[in-house]
Amino acid sequence: PQCTLSVLYFPFSETTPFIAILVIVAGFVLLAFPYTKPFPYADDWTYPLQLDASFRQKFAWLFQQHTDHRIPVLKLAQLTTLWLFNFDFRILILLNVIVVAAGAAFLVLTLRDYRGRGLFADVLVPLICLNLGAGLFGWSFSAQFAWSISFVYAYLYFYQLAGRRDSAGLRYLSIGFLALSALSGMNGVIVALVISVAMIVYEFQRDKNRFLGEKLAFFLIVAMCLAIIVAWRPTSASGKSANYADLANWIFGFVKSSFIVNAFFGGWWKALVVGGLTAAAGYVAVRGFIGVKKTDRESFSLYAVFLSFLVLSGVVILGRVGNGAWTPGLEMHYGYLSTPVVLLAWAILSARLNDKWVMALGAFLVVIYSVAFVDNLKWRLKFLYDNTHVYYNILLDFNAVANAEDLAKKYPLEFFHVDNDDVRLQIVPGIEKLRKFGGPLYGKR
């Protein structure tokens, strides 16, 4: 068989991305995981408060709105994991990494199967998804950004696989992952809603009488998403009125966020690269939408996912700009939601350009994102190693400082990103419950 240019120059194209995923996860476990924060931070305090709650109270809490999100999947998975591991919050960081690594693997498989070949440049997927500068490597509640994305990658893989195998079971499995995304926060709701509406339109345009069960499943996803949106109530995190300067600042900051720490300051050329990728892939996708009757199911499903994350990007920017100007550090938080746009743009373009252009574009992206990955790795390890003694002293004080309120006052910004009376109303009873019901870390024998 003849080799494509990509395989000729990169003999291990098929396996390199998977090796990279394993190496990054193993590196995290060995170099970073032992030094991550072992006690709750910010939103994490919702979990200790459930330690002595009744089953009925826990069940209601699962479905309650948390800031702007309903996250029963995350709450159930994370609380269960904490119970199993004596409320050592490091385990939730590891759980984040495992879920995101699985999502990255699903996306690599999707790219390989969609194009009919794997490319060395698909190593972009782990370089971006598993960039150690992302919040998911330091704060468990970043799961509501990361998990919703990973579930969509799983949806895309199984949906396309179902088409190739003509399997109704795989089709329903894929839509099940879409439901998990919708139940992992408002970000997942927006993405699942857009994808479901797009696929319903596609199915009715192509064949009204086939895949009726699939159409019904997508309709159920739409109904669930609309119900969550209708039930939503504004919170202090919800956006307020904003000015045009802040809006421009947010767009600029968000677009280059896939570089994370490397995007904290400046980075105009990074915004141009991502903007160019997005525009080029958008052109291909728009042509696919316009010629829907000629667009194959695999391509349309990819375009629909790409569109959903573009819509999400707009919703996030418009919904959060009212809280103030973009500030360095938000790349780790809201900025992680920009990463699928880059990766899906690569997926679309690498399947449409000729080999020489794909090699050139892939090499360029691998170089700039490899530099970003290394810089973020250095930042993460330095941050963890600089703070290890602080975490150690706090755990000692969990056993030595008798009054929970004194402990909360002593380390206010290690337990939450702000310090006020409302925050301490969560932290103080949380400390008391951890001491009484938590594991050995907190003094429980």
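Trainee: Which residues are buried in α10?

Mentor: In this predicted model, the buried ones in α10 are Glu214, Lys215, Ala217, Phe218, Ile221, Val222, Cys225 and Ile228. They share one side of α10, because the arc they cover around the axis is only 160°.

Trainee: And what does the face turned away from the buried side carry?

Mentor: That face of α10 has the exposed residues Leu212, Leu216, Leu220 and Val230.

Trainee: What covers the buried residues of α10?

Mentor: The cover includes β2 (69-70), α7 (143-165), α8 (168-182), α9 (186-206) and α13 (297-320).

Trainee: How far does α10 reach from its first C-alpha to its last?

Mentor: With 20 residues (212-231), α10 reaches 29 Å, close to the 28 Å expected at 1.5 Å a residue.

Trainee: Let's look at Ala231. Where is it placed, and what does it touch?

Mentor: Ala231 is in helix α10. Leaving out residues up to four places away in sequence, Ala231 touches Gln65 and Arg70. The C-alpha atoms of Ala231 and Arg70 are 9.8 Å apart, though 161 residues separate the two along the chain. Ala231 counts as partly exposed, because its relative accessibility is 30%.

Trainee: Switching to salt bridges: how many does the structure hold?

Mentor: There are 17. One of them joins the side chains of Glu214 and Arg171, at 3.0 Å from N to O. That pair links distant parts of the chain, with Glu214 in α10 and Arg171 in α8, 43 residues apart.

Trainee: Are Glu214 and Arg171 buried or exposed?

Mentor: Both are buried. For Arg171, the relative accessible area is 5%. Arg171 also meets Asp166 in a salt bridge, at 3.9 Å from N to O, and Asp166 counts as exposed at 52% relative accessibility.

Trainee: Which residues are linked in that network of salt bridges?

Mentor: Asp166, Arg171, Glu203, Glu214 and Arg297 are linked in it.

Trainee: What about Lys382, what does it form a salt bridge with?

Mentor: Its partner is Asp386, with the closest N and O atoms 2.8 Å apart. Lys382 and Asp386 both lie in α15 (residues 355-400), four residues apart, about one turn of the helix.

Trainee: Last topic, the largest nonpolar core. Which residues have the most contacts inside it?

Mentor: Tyr155, Phe398 and Phe415 do, in a core of 157 residues. Its largest share, 16 residues, comes from α7.

Trainee: What is Tyr155 in contact with?

Mentor: Setting aside neighbours within four places in sequence, the contacts of Tyr155 are Ser174, Ile175, Phe177, Leu178, Ile195, Met199, Phe218 and Val305. Among them, Phe218 is one of the buried residues of α10, while Ser174, Ile175, Phe177 and Leu178 are buried in α8.

Definitions and conventions:
Residues numbered from 1 in each chain as written. Predicted model: local features only at pLDDT ≥ 70, side-chain atom pairs only at ≥ 80, totals over all residues. Heavy atoms only, no water. Helix = DSSP H or I, 4+ residues; strand = E, 2+ residues; numbered from the N terminus. Expected span 1.5 Å × (residues − 1). Buried < 20%, exposed > 50% of the residue type's maximum accessible area, 1.4 Å probe, protein only. Arc of directions from axis to C-beta. Contact = heavy atoms within 4.5 Å. Core = buried A, V, L, I, M, F, W, Y, C linked by side-chain atoms within 4.5 Å. Salt bridge = Lys/Arg side-chain N within 4 Å of Asp/Glu carboxyl O.
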